[in-house]
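Please read the numbered points beside the model shown here.

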Amino acid sequence: MKERVQKFGRFLSGMVMPNIGAFIAWGLIAALFIADGWLPNATIAEMVTPMLRFLLPILIAYTGGKMVGGQKGAVAGALAALGAIASTESTMFIGAMICGPLGGWCIKKFDEKMEGHIPAGFEMVVNNFSVGIIGGLLAILSIFAIGPTCVVLTDWLGAGVGWLVNRGLLPLTAVLVEPAKVLFLNNAINHGVFTPIGTEQVEALRAAGEIGKSILYMIESNPGPGLGLLLAYCVAGKGETRSSAGAAAIIQFVGGIHEIYFPYVLINPIVILGPMLGNVCGIFTLNLLGGGLSGPASPGSIIAELMLTPKGCYFANIAGIAVAGAVSFAISVFLLKFFGKDASLEEAQAQVAASKAASKGQSAPAGAPATGASVNMNTVKKIVFACDAGMGSSAMGATMLRNKLKDAGITDIEVVHAPVSEIPQDCQIVVTHHELAHRAVASNPSARVVPIQNFMGAPEYATLVEELTAARGGKGSAPAAPAPATEEVKAPGSILLEQKNIVLNCESVTPQEAIRACGKLMVESGYCTEGYIQGMIERDEGFPVAIGSHVAIPHGTNESRQFIQKTGLVVMTYPQGIVWGEDEELVRLVIGIASTGEEHLDILNRIVEVCETEEDTDKLVDSATAEELYQKLNGLS
């Protein structure tokens with residue numbers, strides 16, 4: 001049950017948290033420039049209502065749609081949310097949280113049904129029209145069903161908060177919030193519940209001509225309770241906890257990193273009563289004095305709290321933070337004096353790391369930095385190779401692992417490639433370069449991330465295959481029936497590597513000069529325009545294109561794809577070698593790629609076959625003629 005609640009909470013906060021910057025911008029603009037703000041400006045204030053009514057809900061829906069259905073799901077989710085927005089004058093945050101994932105789910109199911117049934121060349125037409133039609137239908141549905149339903153639900157929630165406020169019961173929410181924070185449900189509660197309802201309150205107050213503020217923004221983000229606990233450890237703590245608590249207090253209070261005090265709670269769980277009762281008193285003080293913020297404070301630091309305090313609320317907010325800190329301090333000192341125990345801070349920090357990983361569906365590996373989730377290897381059905389652009393190195397790495405799995409008799413696992421920012425959510429394992437590992441975890445927190453040093457000769461491939469084989473009891477899946485042997489005949493128009501674009505025995509140059517030489521040849525062949533060359537350089541500067549086995553595959557960034565005119569490749573050999581990148585990797589074979597789709601994958605797959613090791617590449621560079629390379633890489637021999 002706990003895991004389900006955590007998962008649902010993560011999903012809710014996952015839609016809001018990436019867009020908190022937009023919420024803060026809205027809160028600051030409103031606090032400064034509306035008629036009652038610090039710097040009234042009618043022109044700038046015109047942005048406040050459109051941001052609240054349109055921008056913020058659409059951003060939430062877009063993010064939710066992308067979490068479920070990728071980029072197309074994001075667009076469909078945003079379209080669906082627009083229908084809900086158009087159905088009412090109310091702020092449609094709850095509607096956006098429904099419409100976004102709904103749009104992503106519909107697109108995902110459509111794509112699953114259409115997989116393998118779209119005629120070649122019609123992919124873009126089907127993709128674009130499916131998003132337009134599904135998104136349009138969902139928008140209409142939202143106008144007549146989702147929007148009105150959400151208005152009723154929002155009214156109920158608002159009435160519930162009003163009921164708590166009117167009866168003086170709002171402070172009791174801290175009894176749930178503080179323990180939930182230690183379980184890493186704080187973001188789910190704050191951004192999944194308090195932020196949407198608080199924003200509704202702010203807009204309602206402004207519409208009534210009052211100061212736009214909400215106390216809900218401070219229930220979870222108030223830094224006072226955590227500060228009081230850590231200061232108590234400075235006074236009544238023992239050993240390492242006492243000596244480290246002072247620095248932790250500064251980080252928590254000024255930096256807003258509340259997680260830093262969680263280990264101190266786990267060492268002596270009874271001290272959770274300090275922050276809990278401190279927050280109860282803080283909320284009571286804020287409610288009594290009329291405190292609140294104009295927007296969500298994220299992170300919950302004293303700096304963020306003060307920046308988002310509206311005109312006339314500074315005394316109330318500072319008092320609420322101070323009272324929360326003082327009560328938390330007093331109670332925590334008492335509990336530490338009479339019930340505190342000396343324990344290992346290191347063990348508590350490890351416990352917090354495990355708890356945080358569990359809250360994200362992850363498992364922190366012993367003795368190593370977290371690399372995403374722990375998965376049951378016996379249930380793995382999809383592995384994704386990810387690189388920066390998803391065009392070259394990941395495709396080759398995917399081929400290598402696919403071949404190794406096949407050799408091991410494992411044929412029931414799909415191995416695909418993708419940009420690191422667009423990793424499919426239905427995969428269980430992601431393989432990527434170690435420099436991209438953190439981005440892979442952020443892109444798909446539920447997957448296990450396997451970091452590698454290079455895409456061609458990584459020993460992690462064999463280790464991963466061994467793990468998968470062992471999980472299957474030492475046996476692979478039943479091998480697929482071999483396809484009847486047929487002789488592949490290449491149509492003239494399907495040849496992507498022309499013999500004129502194979503240049504042998506080039507003089508050693510710098511990596512950038514080699515990239516420019518490839519780019520010039522690609523421009524002359526009509527594959528791209530000059531803008532793509534700069535994209536290739538930027539791609540290498542951000543993430544080196546040397547992939548191991550003495551091979552480099554220069555290609556552009558995602559943004560530079562607009563300069564590609566048609567798919568094509570060029571090959572250049574450097575017998576003396578090029579020292580490439582900070583790792584000073586030796587490169588002797590350079591393959592430039594411009595691709596509008598995935599037509600180039602056949603050649604990349606053959607490169608994997610003929611350049612699997614450094615010795616294979618060296619033999620090719622030292623002895624193959626242009627004609628032999630042409631025949632071999634195009635699959636003609």
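1. Tyr-233 is buried, at a relative accessible area of 1%, and Tyr-264 likewise counts as buried, at 3%. Buried means under 20% relative accessible area, exposed over 50%, and partly exposed in between (1.4 Å probe, protein chains only).

2. The model is predicted: local features need pLDDT of at least 70, side-chain atom pairs count only at pLDDT 80 or more, and totals for chains, interfaces and linings use all residues. Residues are numbered from 1 along each chain as its sequence is written, and side-chain values use heavy atoms, with hydrogens and water left out.

3. The structure holds two aromatic pairs (ring centres of Phe, Tyr or Trp, the last by its six-membered ring, within 6.5 Å; planes under 30 degrees apart are stacked, over 60 edge-to-face, the rest tilted). Tyr-233 and Tyr-264 form an edge-to-face pair, 5.1 Å centre to centre with 65 degrees between the planes. This pair links distant parts of the chain, 31 residues apart: Tyr-233 lies in helix α10 (residues 224-236) and Tyr-264 in helix α12 (residues 262-267). Helices are DSSP runs (H or I, at least four residues), numbered from the N terminus.

4. The rings of Phe-334 and Phe-338 have centres 5.0 Å apart and planes at 45 degrees, so this pair is tilted. Both residues belong to helix α15 (residues 314-339), four residues apart, about one turn of the helix. Phe-334 is partly exposed at 45% relative accessibility, whereas Phe-338 is exposed at 59%.

5. Helix α2 (residues 20-33) is mostly covered, with 10 of its 14 residues buried; among them are Phe-23, Trp-26 and Phe-33.

Terms used
Helices (H or I, at least four residues) and strands (E, at least two) are DSSP runs, numbered from the N terminus.
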